[in-house]
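Please walk through this model with me, beginning at the ligand and then stepping back to the protein chain as a whole.

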Amino acid sequence: MKQIIITVDGPAASGKEKISKYICKKYKLKHLDTGILYRRLAYILINDKININNISNINKKIKKINSFSYQKSKRIRTQEISNLASKIAVHKCVRDFINKLQHEFVSCNKKARGFVIDGRDIGSVVFKNADLKLYIEVKPEIRAKRRYKQLIDSGEKSIYRKLLKDIKLRDYKDKNRTNSPLVIPKDAHIIDNNVSFSRTVKQINEIIFNL
Ligand code: C5P
């Protein structure tokens with residue numbers, strides 16, 4: 001049976017993960033958060049003291065990697081790793097490496113009914129023939145406010161203005177890079193996630209119902 005693929009693209013902190021998990025739970029699909037892969041690679045490069053501005057060094061390191069974890073961990077969710085991940089994501093060799101991992105994830109999970117894959121270029125580049133494409137929109141100020149609350153609630157220190165600045169910078173990098181910039185895929189449904197999660201899922205359920 002054909003496995004369904006739903007792509008969820010959108011800018012940093014737009015709620016892609018929460019939305020993807022919701023769809024996965026409701027429709028019994030498997031989730032892949034592709035940001036984890038960029039973060040994990042950034043973490044490996046920094047740990048191995050690779051100069052991330054030197055493409056040839058990054059390429060050499062990538063070629064030596066023979067196992068790669070798709071698992072989440074607190075260590076790769078830091079603001080430092082967020083910024084580094086967005087820096088390395090501009091390189092073609094990085095994107096090619098991670099695109100391959102994304103396709104492997106799908107081909108290795110033969111028993112899954114389907115997948116919800118979230119990121120920046122999933123509907124526009126990686127899975128162009130997806131069955132359903134969603135693009136999540138939220139104003140930067142609302143994203144920063146939500147991220148700030150999340151951090152404070154989990155006992156971490158944070159400064160709203162710094163979060164907003166980082167989000168805007170990551171948006172700029174994601175939208176303006178040459179390789180796979182963040183764009184609204186041509187055939188995507190735009191989901192407004194500015195108001196509340198219940199309103200957001202209502203939009204998504206209506207789209208899925210009418211497919
Ligand atoms: O989604 P998340 O914030 O975890 O992603 C970390 C960084 O990885 C993003 O800022 C973005 O630059 C990059 N990324 C990407 N393409 C993806 C997923 C993430 O360029 N598909």
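In this predicted model, the shell around the ligand holds 15 residues, of which R39, R95, R120, R170 and D174 come nearest. Sorted by class, the shell around the ligand comprises seven charged, four polar and four nonpolar residues.

On the nitrogen side, a polar side-chain atom of T34 lies 3.0 Å from a nitrogen atom of the ligand, and a polar side-chain atom of D121 lies 3.1 Å from a nitrogen atom of the ligand. For oxygen, a polar side-chain atom of R177 lies 3.0 Å from an oxygen atom of the ligand. Of the 450 Å² of accessible area that the ligand has on its own, the protein covers 96%.

As to location, the ligand sits in the largest pocket. The elements that contribute two or more residues to the shell around the ligand are α2 (35-47), α4 (79-88) and α8 (160-176), and among the elements α2 gives the most, with three residues.

Turning to the overall fold, the protein chain contains nine helices and five strands, which follow one another from the N terminus in the order β-α-β-α-α-α-α-β-α-β-α-α-β-α. The radius of gyration of the protein chain is 17 Å, close to the 17 Å that the globule rule gives for 211 residues, and the chain is therefore as compact as a globular protein of that length. Along its principal axes, the C-alpha trace of the protein chain spans about 50 × 45 × 30 Å.

Note on methods: Residues numbered from 1 in each chain as written. Predicted model: local features only at pLDDT ≥ 70, side-chain atom pairs only at ≥ 80, totals over all residues. Heavy atoms only, no water. Near = heavy atom within 4 Å. Polar contact = N/O pair within 3.5 Å; in protein donor to acceptor, adjacent residues only side chain to side chain. Areas by Shrake-Rupley, 256 points an atom, 1.4 Å probe, with all protein chains shown as cover. 1 Å grid on protein atoms, 1.4 Å probe; cavity = no way out; pocket = protein on both sides within 12 Å on 5 of 7 lines; lining within 4 Å. Sits in = over half its atoms within 2 Å of the grid points. Helix = DSSP H or I, 4+ residues; strand = E, 2+ residues; numbered from the N terminus. Nonpolar A, V, L, I, M, F, W, Y, C, P; charged D, E, K, R; others polar. Rg over C-alpha atoms; globule rule 2.2 N^0.38 Å.
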